[in-house]
Amino acid sequence: MTQPICLAGHPREPTAPPGWQPAGTHATFMGLKLFDVLVAFAGLSLLLLAGMTLRQRLRWLRALGIPEALVAGLLGLLVGPFGPWSIFPDAVYRVWSQTPGVLISLVFATLFLGQQLPSPRVIWNRAAGQTAFGMVLGFGQYLVGALLVLAVLQPLFGTDPLMAALIEVGFEGGHGTAAGMGPTFTELGLPSGETLGLAMATVGVLTAVLLGSTLVVIGRSRRWLSQGGSEAGSSASATPLMRTGDGDPMSADERLAMETAAGTVESGQAESMTIDALTVNVALAGGAVGLGILLKAGLTQMGGLTGGEGTARLLAAIPVFPLAMVGGLIVQVLLQRSRQTRLVSPVAQASIGSLAMDLLITAAMASLNLPLLEENWLPFALLAAAGLTWNVCAFLWLAPRIFGDHWFERGIADFGQGTGVTATGLLLLRMADPFGRSRAMEAFSFKQLLFEPFLGGGLVTALSPLLIVSWGLPRFSMVALLLTLASLLLGLRLGRQRQRS
């Protein structure tokens, strides 16, 4: 075999990545044994299987809409590094703690891939009011958190100003966003940020189901829910998601079989989906992540040239995942303009994103640093209570004024998403409107195209800790107030226009 030759003509040794030590099954990369990575993945898989089995056997878990990954993560707490039965080596827990920051970029990269992007006018006409209400909730969570930290928590407990972002990160963003924001919080001086964000997301999921279900019962008794409309037809037209009879999303195989039977997928493509098409879709998702990494590098370098070393360090704290979402949007636009959309499958992209999210939530919850949560339990509890109070008040007082029709169904979907996760919003919407009479599902679905790039894990969520550090909490509070009022005025104006029409 020919050896590499340097310019002087002498052979030189091949270089290897830093930290790489080939040694069979004990090879290491960045200080981690590859065998430990394999054991960590096997452990997460076993936890997911246990969570799935437990959820199937306990009906109340299904009734609450608790996802299998969250059940698996809570089981992982028992065998995690701070649990009563810590059974894995420390290196495995290190892998678990680093997994969320990697997988969250893959989750966000798949959001737009495979989705036929409608025109901005169509999106706005169908989802303007829904988007305005969602932004009132999101920016209001920043406002409530900032005011509480500024007026109460900082003077009494010396709370870090960065905790003002926890309500939106945990409630709107969810477990995946909280885990992905962990390195940013650590870089900016709040090492407990990831733990507190994950705990906030867990509180949000549980309370969203409990409070949301209670609101649905109250709304039904007070006749706030829709009474008219046909049960047939509207459900089919208003629900863009394919679902099984029990309300759970179809698996990738079921959707692929349906698409094949309907003639939307060629038979040859269906036969090779598990190999060729899946490989292409993974490559496209990886390309989107790569674009996100390049965008971050470009922003960091540009900040260093224009604002100096301090600005470069601040921009380096921006997480990759919102930029990976931008990368996925760029890839999808390029595919549409080149008429190569057949290369990307929404079913495959949804499966890739779901796999990454399930592993992410399980790993993040299993490696939860409970001592850090214990140190900040009182400020955390006050922030959670303030966030829940804001969401309930906004739903009961603002939703009837922003939505001209079917305000309860439209508002309860955003309440579920803004407190728990998107699946919680869909669950509450199904409880309030099982036959799709309100067409709220259509507006809620289109709203994601306008909302997700900014809040709930988007660019605003990613930048909020950096803005708190660079602006200071008083200025951040003022900007949050202005954005909340602007979203509120927009929503009220849209509501009046809808009532006139």
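A residue counts as buried when its relative accessible area is under 20%, as exposed when that area is over 50%, and as partly exposed in between. In this predicted model, buried residues make up 46% of the 501 residues in the protein chain. The chain holds 21 helices and two strands. Of the contacts between residues at least 6 apart in sequence, 76% join residues at least 24 apart.

**Nonpolar cores**

The largest nonpolar core has 74 residues, and Trp 96, Met 200 and Leu 383 have the most contacts inside it. A second, separate core has 19 residues, among them Ala 394, Phe 395, Ile 412 and Ala 432.

Leaving out residues up to four places away in sequence, Leu 383 touches Gly 145, Leu 148, Val 149, Leu 153, Met 163, Leu 166, Ile 167 and Met 200.

Ala 394, from the second core, lies in helix 16, which covers residues 377-402. Ala 394 has a relative accessibility of 2%, so it counts as buried. With residues up to four places away again left out, Ala 394 touches Phe 133, Leu 137 and Ala 399. Gly 140 is 254 residues from Ala 394 along the chain, yet their C-alpha atoms are separated by 9.0 Å.

**Residues set apart in sequence**

| Pair | Separation along the chain | C-alpha distance |
|---|---|---|
| Met 52 and Ala 69 | 17 residues | 7.8 Å |
| Val 79 and Ser 367 | 288 residues | 9.2 Å |
| Ala 394 and Gly 140 | 254 residues | 9.0 Å |

Met 52 is part of helix 1, residues 34-57. Its relative accessibility is 34%, so Met 52 counts as partly exposed. Val 79 belongs to helix 3, residues 68-79, and is buried, with a relative accessible area of 16%. Apart from neighbours within four places in sequence, Val 79 is in contact with Leu 47, Trp 85, Ser 86, Ile 87, Phe 88 and Tyr 93.

**Aromatic rings**

A pair of aromatic rings is described by the distance of the centres and the angle of the planes. The model has eleven aromatic pairs. In one of them, the ring centres of Phe 88 and Tyr 93 are 6.2 Å apart and the planes stand at 90°, so the pair is edge-to-face. The angle is above the limit for this class, since planes over 60 degrees apart count as edge-to-face. Phe 88 and Tyr 93 are both buried, and both are in contact with Val 79.

Ring pairs also link Trp 224, Phe 395, Trp 407, Phe 408 and Phe 415 into a cluster. Elsewhere, a charged residue meets a ring: Lys 447 lies over the face of Phe 451, at 4.3 Å from the ring centre.

**Two kinked helices**

Helix 4 runs over residues 90-109; at 1.5 Å a residue, its 20 residues should span 28 Å, and its end C-alpha atoms are 30 Å apart, which agrees. Helix 4 has a kink of about 35° at Thr 99, shortly before the proline Pro 100.

Helix 20 covers residues 459-471; at 1.5 Å a residue, its 13 residues should span 18 Å, and the 17 Å between its end C-alpha atoms agrees. A kink of about 35° is centred on Pro 465 in helix 20. Pro 465 is buried, as are Thr 461, Ala 462, Ser 464, Leu 466 and Ile 468 in that helix. Just after helix 20, Gly 472 takes a positive phi of about 95°.

Most residues other than glycine have a negative phi. Which values of phi do Arg 223 and Arg 339 take? Arg 223 has a positive phi of about 60° although it is not a glycine, and Arg 339 likewise has a positive phi of about 60°.

Arg 223 sits in the loop between helix 8 (193-221) and helix 9 (234-238), and is exposed, with a relative accessible area of 64%. Arg 339 sits in the loop between helix 13 (321-337) and helix 14 (346-366). With 73% relative accessibility, Arg 339 also counts as exposed.

Methods. Residues are numbered from 1 along each chain as its sequence is written. This is a predicted model: local features need pLDDT of at least 70, side-chain atom pairs count only at pLDDT 80 or more; totals for chains, interfaces and linings use all residues. Side-chain values use heavy atoms; hydrogens and water are left out. Rings of Phe, Tyr and Trp (its six-membered ring) pair if their centres lie within 6.5 Å; planes under 30 degrees apart count as stacked, over 60 as edge-to-face and the rest as tilted. Buried means under 20% relative accessible area, exposed over 50%, partly exposed in between (1.4 Å probe, protein chains only). A charge sits over a ring if NZ of Lys or CZ of Arg is within 6 Å of the ring centre and within 35 degrees of the ring normal. Helices (H or I, at least four residues) and strands (E, at least two) are DSSP runs, numbered from the N terminus. The expected span of a helix is 1.5 Å times one less than its number of residues. The bend at a residue is the angle between axes fitted to the seven residues ending there and the seven starting there. A nonpolar core is a set of buried Ala, Val, Leu, Ile, Met, Phe, Trp, Tyr and Cys residues joined through side-chain atoms within 4.5 Å. Contact means heavy atoms within 4.5 Å.
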